[in-house]
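Reader: Hey, I'm new to this one. Could you walk me through it?

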Amino acid sequence: MLQAALSRLLSSLLVIVGSLALVFCIFYLLPGDPVLSMVDPTSVSPEVIENLRQQLGLDRPFHERLLTYFGDMLTGDFGRSLVGSDPVLPKILAQVPSTLLLTAASALVAVAVGVTLGVLSAVRKGGIIDLIARIVGLFGISMPTFWSGILLILIFSVQLGWLPSMGSDGWRTLILPALALGFVGAGSIVRMVRGSMLDVLNEPFITTLRAKGLRERAVQYKHALRSALIPAVTLIGMQIGDMLAGTVIIETVFSRQGIGRILADAIMAKDLPVVQGIVFFTAIVYVGINLLVDLSYAAIDPRIRRKGAKS
Amino acid sequence: MYGDTTDKSLSKASIGRKRFNWSYAFGALALALTTALAGCGPADGGKSAQAASGTTAASAPVQGGELTYALATSPDTLDPRRSGLAVSVRVFGALYDTLLIRSADGSLGPSLATEWKASDDGLSYTLKLRDDVKFQDGTPFDAEAVKFNFDSIIDPETKAANALALLRPYKSSEVVDEHTIKLNLEKPSEAFLGNLSQGMLSIVSPTAAKKEGEDFGKHPVGTGPFKFASWTENADIKLERNPDYAWGSAEASNAGAAYLDALTFKIVPEEATRIGGVQSGQVLAAETVPPQNVVALKNDPNAQLLQTNTIGFPYTLFFNLEHKPWNELKARQAVQYAVDIDSIVKTLYLGTYEQAWSSITPGILGYDESLEGKIKPDVAKANALLDELGWVKGADGIRVKDGQKLTLHYVDGSPNREKRNDIAAMIREQLKAVGIETEVEITQDVATVVYQNWDYDLYGNSQVNSDPNGLVSFYHSTKEGERRTLSGLSDPQVDEWLDQGATEKDEAKRAELYKKVQQYISDQALILPVYVFPYTVAAGKSVQGLKFDPFGYPIFNDVYLQK
Amino acid sequence: MKNSATSAEPAARGAWLGRLAGRSRKSAYAAGRQAVSRRRFGSADLLTVLAGLAVSFLAACALLPGWIAPYSPTEMNTAAILQGPSSAHLFGTDYFGRDVFSLVVYGTRDSLLIGVSSVIVGVLLGGTLGSLAGYVGGRLDAAIMRIMDVLLTIPGILLALTIAAALGPGLRNIVLAIAISSVPGYARVMRGQIMAIRGRGYVFASRALGTKPSDVLLRHVLPNSAAPLLVMATLGLGSSILAGAGLSFLGLGVLKEIPDWGALLSQGRGYLTVAWWICTFPGLTITLFVLSVNLIGDRWRDAVDPKRKGR
């Protein structure tokens, strides 16, 4: 068991180091000079640009830069942003809470909407409610998020004036972005819950409960739903990764603080230290979530646990 | 003719607005359910803060309140010496002062410096400084402070770039007495004084700059009417009133401390969110209003639209003279005649932008009005010129010579700033009509494509500037080892005019020189001037006294919020 | 059907892997494992038929736009800009005075091209890697899956931007960017399938009979594992088009003479309050297409479900 945990840890570490190294290589190979995009190239002289390159260490050879980077990282120094020269770690950490909050709120929306619609459509299988629930669920994954986001702003913020459309202060600013992002996740949860719920409703234990004379409502909502939720929750765990990726667009549309926006800006500016810091963060989140998923995965299904131990 | 188009489109626009709710209904259908499920009942009115105020009757300024101002992009740093972005300068105006200011009429005026005098050889300037100014950290403003600022800009350790380009040919400073400084130049420069009015040469507190080092950009200290409070990245930059302020320049009518208690910049990149923020009262002002919203905002009872044309070099498309066949005058002229800038500007900007006619904008010394309306689109002429050059239309309508298609590689940046990508799309259509195939390349890495690989036939650029001397960086020939210019022009005659213009002290003669340059540029069809950029701000009705300097940077000292 | 637990065991594992690995809507066997219901079949099939019709119409638009569109998509009538829908212009005109309906019709080709080709590239790459990992197992499996992990930790937008920066802008690179970020998903599902089928009786049997390993893979394992991957690919069509739209929003799209739907939607979004038709119709077309493809994919998944087949 300990050995398994250790090897798991090692491979996680490998993934993180691998991602950082890959990003570093990609940026090294990219054409272009980050300094040129930081200044006005029509008026700033080549010597000044050369000086900037030297000051930022961009003129040093590849292996030297890579080694320095990993060396500094071990001491907790993630370098300074090329743009505005602020230290990377605090810069990113300041954005993390906002992004995590948005992701959590979106997951909440996804679960609330997805489970409700999924259960409704399973219980009213074949009826008009089923049809509507499925289509509404699909709508969420059929609209580009920037479009639904802007529509939400125009309706609820500009026209009705109910909710703020921008910023990251307070729970009210969270509602519209969480709706826009959560609805995307809801689509697949509807499917998942509907499927598992229908499965469970055919299980022998449900038949037994029915035979015992339990009311249909109790059977459906108390027993069947509980069993059907487990795989849905697992799926949500997986989707958090997707949602983190979705924040790039949502944070821009709703001008929220967050990792996604910092990343987009940093990529455009070829700001490698910041990009590296964010990749480090996403890699840790990814590895962590996968670990959790695998754990729950084994816990839920004994068959998998048995087989998994073998391979 | 054009009037018709606008009127039609405007009335359509208003119809569109009425029908608008229908379109929302589609999206709302899917979304309304979510709202209900997420359990957010009707929230308390967020709009109430924006009480309808009366008209803009001139009343006594009101003390207090906070102005929230939405910027389209984020400043890179609040250290003017290290910044490379115009958006940062919008904030600098509140935090800092410059030595001189550029008045609305284009002349130079006093600010932190009260008097200035050039030496006879033009190699040094002596400036008298105000003796009643303090930085927000209590450091007195004096000649030493100015010396520190300028010396630190030319110090490579500081990593200054744009500020350095403006300060050149500065060499050194001599502190004559506590409030007198002599600035020495490497060579005479008529643009030097004017550049001292630019925000990137704002004066920072030497004490704070030494203490904070590289972090000064996140903890700025200046002499301006507002002092720094906090900067939360991608959220807001908060400034507070500087109660000691008493040295406002003549540009603001209020020379004393600001009326506002606080000034908060918010970073709101998405247009719809930014403009919608003003309409819903979440911010009191928002910059860069898209033309299509200008019209709607003008009719909005809860909002006002402020607009000012910026001076400098207009948005201009440069031919790359080092690329064939665009090194030939007739080929460039053909494009000049084939492209209908008037139609482009009116279609895309709906009458809110002015067409540019020359390589510099009105308001810059020597602007040549005679170029206005001089070149009119003429497809027949364009065709004739291309025929003359031996380009023959092929089966697909594209001209061919020696088996080569006549193509124009048009590079533009992404995102689509000021609808520049749309200009490219229209030019592509217009050039198709005369048999030129335009390959439009939209890149998010202009720096590499244009300034490193010089891989373009046509590329557009604009620059806010105070002096025609800036033409040097676009049209002067360059020596081996220097970076080439966007045009790649190399003409000794132009070099001579530009060199003389840099040092000529007689303003009339100087203006004459730059007129010659402008005429040459136009006659040689080196560029296609497109539009003069207006800085636009949408603001709530309560916002009063917001003005802009000639560069389009806001002046916040006079702003007050009418109750 | 559901009760045949013994034969369901390996399939259940495959399904689980599919659910987990597929992440979100890509999950292969996620839903619809319920007993056949005539009523549900009725409404579902009607919906599928409608979806099929929609997709066929759009395919026709892609193949023969000139027959369907009333105007040239590039014609700029500057005397008639920003006009609302009318009999002359069904979807109105845009800010250039182009006919929005014709633009949508002509834009279908590139939109579908982005969807189809990125899915093909993704499925081929992901399928191959997943098969190798699943069939060979051991170190190769570990190596491939770690590489997939590394790819998953790097945000998709980062991949897209770097690919565009390295190869220059263009449709091809958008396709590559979308394809590469979808590879890990396909690889995981394929691997899960192969591992599940590898253990089946008939595979053992044919091995015992002395069939060459490559023949076993090609004749027995692959054909039996491909179905979920194909279903996932169908659903992937929709997400690729949405991903393409997202890239357009971030300014990474291609400015072609005839824009794809995502570009139309993204470019028109600034006009939503003054000329809603410019982006609403392309947006609805995207939604219609993705919705239809999802409905067809769902239906197909039900059909290939091993339990449905009564295996």
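Reader: Which residues in α2(B) are buried?

Author: They are B:Val87, B:Ser88, B:Val89, B:Arg90, B:Val91, B:Phe92, B:Ala94 and B:Leu95.

Reader: What are the ipTM and pTM scores?

Author: The model has an ipTM of 0.83 and a pTM of 0.84.

Reader: And what's the average pLDDT of chain C?

Author: It averages 78, and 81% of the chain C residues score at least 70. pLDDT is the predictor's confidence in each residue, from 0 to 100. Residues 1-41 of chain C stay under 50, and the model has 117 contacts for them beyond four places in sequence; a contact means heavy atoms within 4.5 Å. Residues 306-311 of chain C are also below 50, with 17 contacts beyond near neighbours in sequence. Where pLDDT is low, the predicted coordinates should not be read in detail.

Reader: OK. How many helices and strands does chain C have?

Author: Chain C has 11 helices and 0 strands. Of its 311 residues, 64% count as buried.

Reader: And how many are there in chain B?

Author: Chain B comes to 16 helices and 26 strands. Buried residues make up 61% of its 563 residues. Taking contacts in chain B between residues at least 6 apart in sequence, 69% join residues at least 24 apart.

Reader: Switching topic: how many residues of chain A and chain B are in contact?

Author: 67 residues of chain A are in contact with 64 residues of chain B. The two chains bury about 5,500 Å² between them, 61% of it on carbon and sulfur atoms. Buried area here is the accessible area (1.4 Å probe) that two parts lose on being put together, summed over both. A:Thr42, A:Gln159 and A:Met166 supply 11% of the area that chain A buries against chain B, more than any other three residues.

Reader: How many salt bridges are there between chain A and chain B?

Author: There are 5, each a side-chain nitrogen of Lys or Arg within 4 Å of a carboxyl oxygen of Asp or Glu. A:Lys91 forms one with B:Glu233, the closest N and O atoms being 2.7 Å apart.

Reader: Last one: where does B:Glu270 lie?

Author: B:Glu270 is in the loop between β10 (262-267) and α7 (271-279) of chain B.

Reader: Is B:Glu270 buried or exposed?

Author: B:Glu270 is buried, with a relative accessible area of 5%. Not counting residues up to four places away in sequence, B:Glu270 touches A:Ile150, A:Thr252, A:Val253, C:Phe249 and C:Arg269. The C-alpha atoms of B:Glu270 and B:Thr73 are separated by 9.4 Å, with the two residues 197 apart along the chain.

Technical notes. Residues numbered from 1 in each chain as written. Chains lettered and ligands numbered in written order. Predicted model: local features only at pLDDT ≥ 70, side-chain atom pairs only at ≥ 80, totals over all residues. Heavy atoms only, no water. Buried < 20%, exposed > 50% of the residue type's maximum accessible area, 1.4 Å probe, protein only. Helix = DSSP H or I, 4+ residues; strand = E, 2+ residues; numbered from the N terminus.
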